Amino acid sequence: MTGKEISIIHPRPSSIVAALYTLRDLNVDVAILHGPPGCSFKHARLLEEDGIHVVTTALDESGFVFGGHDRLVELINKSVELFNPKAIGVVGTCASMIIGEEMHEAVLEANPDVPVLEVEVHAGYHNNTKGVLFALESALDAGIIDHKEFERQEYLLKKATDVEKKFGAASKEYLAPSRGDVKYKVAKRVLQLLKEGKKGLVIMNAKKETGYMFADITLAVNEVAAALGKKENLINMANIDPSLGLPRVRQHAEYIMRDLKAHGVEMHEIIGGMDEYPVAGEMVSELIKEKYSDFDFAVITGVPHAIPMEHIRNMELISVTNGPRQVLPLKELGHEHVLVEIDLHPKTLGVSEIVESEFGATLREVAKET
Amino acid sequence: MKKQKIIAIYGKGGIGKSSTASNVAAACAEAGKKVMIIGCDPKSDSSITLFGGRRIPTILDLLRDGVNINEEDVVFEGFAGVKCVEAGGPEPGIGCAGRGIIVSIQKLKSISGDLLKEQDLIIYDVPGDIVCGGFVAPVRKGFVNEAYVLTSGEYMPLYAANNICKGLSKIGMPLSGIICNSRNASREEEIVTKFAEEIGSQLMAFIPKRQVVQDCEREGYSVMEKAPESDIADIYRKLGKAILENNNKVTSGSLSDERLRELTN
Ligand SMILES: Nc1ncnc2c1ncn2[C@@H]1O[C@H](COP(=O)(O)OP(=O)(O)OP(=O)(O)O)[C@@H](O)[C@H]1O
Ligand code: SF4
Ligand SMILES: [Mg+2]
């Protein structure tokens, strides 16, 4: 028997939402939330930007009491009518799971002609990766992914959970959110390092679509370095292997690579696929040990805390995250400058090209000033 | 693969489901079968008479402690080698017992998948009043393949049995038989036999009312253990055999309220 998990008091990402994003990655076109009308509202809205419709059975007080079977059957039929989907997801919530709703029965009754992924999930799991796992399990059952891909994903999820527990937002009972350091000051510092001829690593280790914005920082650092004639002092790394992950995730990698190339950025090291952010850090660490241990600074974006400190400890670290609760853990690890791209995620949904980041924009402006 | 019997016994609260279940379990185990009893009642009283009155730790108690649960933490061997599990649950009036059942049977499936498959007979013992979705989870989640209804010949227990039969056919669960647990009502066997026939099923057994059941229970034992020579012990043995051999399954009908009153009059 093993001991209890620490009890974390800041609200964290929901397993229901995690299941929704996974369904999107699996190219499901309609996700039906079986639960209260307000459940997962904000993300449901955002996901529509990514081309997946999210609808709800809108269980009310009487739904809680009498169950929502008929409502769910109706909504499955209605969704087919409205959206003509190629695949449907049916997703549980706390409310429907507590009252013991059998979503499977409703699916059998509606019996649509397209595959239905049923995800029995609620928001009461310590790690939201559970929601991803449940969605993948039902994709496996439906034959949408194969065993090999399932096992690969399962492994990555475990690693992602470990990283969050050790160095991330699940590492402490309470983490106060922070906006991080002032971008203007850090931009100046980066320019100074470049001017001094210091050698720098530009590492993007991004989670899936968030790479559309983090890649802009890679772009900006390279642009300002080029303007200073110091481009050779930079080594770029990114987890944009287009041959790994679910189809949609591969697509992101392709688009980002395309844009970087179009702007003349040379990608020296590909450190994994866009869903490999929990493990790509190990690869980065190896590479640095072998080839780049004498570098002076590193700009690390995405999931900087997944990169072991061992071989970067002596570099000046400039890290960019999109999690306000990630600032403190990064500072504690020894990252000197930590920046937050606030509201990054919404801006990276429904896009197919690199989008401007605040830090990238700041860097470009500061470079003009000097 | 051998044919497994996974049954649930439904019936009005207090009608004798748990004592019938534990005696039948013990009888079948004594006859050399691998038997398991899974208590799905927050009272956790399904297996108590198989442990000399002792209570075993429940799945939900351990889940609540947040510890990692292994098979040996929740599956215990009681009288005659019957494997016993108690789901457990909150005190009356607190939390959500129905959700508890769902969580614990899923947990059991994940830690004891192989053991569950090995059994010849698994009995899910559920509380009398199916108050919410959670209590039919064993049936709905596809764990149970035969449902029995226990009733006496009195009006209220029959009324409850009739409602349960309605509910079973509504959720697409066939009925395998009616068991009469006597409360000394007049013409009891005749009434329950008729009831069984009219809803399209069969009477599996007529269990008489015997003081010895309660005497053994008070001391913490099943009849099979403390009074194996009694006539009722023999009836439990026969019932166990009948269940193991039963192939009858019907989509249950139900009676109108008038007919039910008429029948019990
Ligand atoms: N055939 C019988 N003869 C005498 N007493 C009996 C007989 N069957 C059951 N009883 C007694 O009836 C009481 C209720 O039985 P039991 O607890 O098994 O009912 P139950 O249906 O499981 O109740 P619940 O719905 O509350 O779980 C017990 O004290 C039990 O000993
Ligand atoms: S409690 Fe659960 S069901 Fe209710 S809104 Fe929150 S996540 Fe949704
Ligand atoms: Mg009972």
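1. The expected span of a helix is 1.5 Å times one less than its number of residues, and helices (H or I, at least four residues) and strands (E, at least two) are DSSP runs numbered from the N terminus.

2. A word on the basis of these values: this is a predicted model, in which local features need pLDDT of at least 70 and side-chain atom pairs count only at pLDDT 80 or more, while totals for chains, interfaces and linings use all residues. Residues are numbered from 1 along each chain as its sequence is written, chains are lettered from A and ligands numbered from 1 in the order in which they are written, and side-chain values use heavy atoms, with hydrogens and water left out.

3. Among the buried residues of H8(A) are Phe150(A), Leu156(A), Leu157(A), Ala160(A) and Val163(A), but also Glu149(A) and Arg152(A); here buried means under 20% relative accessible area, exposed over 50%, and partly exposed in between (1.4 Å probe, protein chains only). The buried residues of H8(A) pack against H7 and helix H12 (277–292) of chain A, where contact means heavy atoms within 4.5 Å.

4. Helix H7 (residues 129–141) and helix H8 (residues 147–167) of chain A pack at an angle of about 175 degrees, with their axes 10 Å apart, and H7(A) and H8(A) are therefore roughly antiparallel to each other (angles over 145 degrees count as such). In this contact, residues of H7(A) including Val132(A), Leu133(A) and Leu136(A) meet residues of H8(A) including Phe150(A), Gln153(A) and Leu157(A).

5. Helix H4 (residues 69–83) of chain A has 15 residues and reaches 21 Å from its first C-alpha to its last, close to the 21 Å expected. The buried residues of H4(A) are Leu72(A), Val73(A), Leu75(A), Ile76(A) and Ser79(A); they cover an arc of only 165 degrees around the axis, which puts them on the same side of H4(A). On the other side of H4(A), Asp70(A), Glu81(A) and Leu82(A) are exposed.

6. Ala58(A) has a positive phi of about 50 degrees although it is not a glycine, and Ala58(A) is partly exposed, with a relative accessible area of 30%. Ser44(B), also not a glycine, has a positive phi of about 55 degrees, and at 13% relative accessibility Ser44(B) counts as buried.

How values were computed
Arc of directions from axis to C-beta. Axes fitted to C-alpha atoms, helices over the stretch in contact; angles between N-to-C directions. Parallel < 35°, antiparallel > 145°, perpendicular 65-115°, else oblique.
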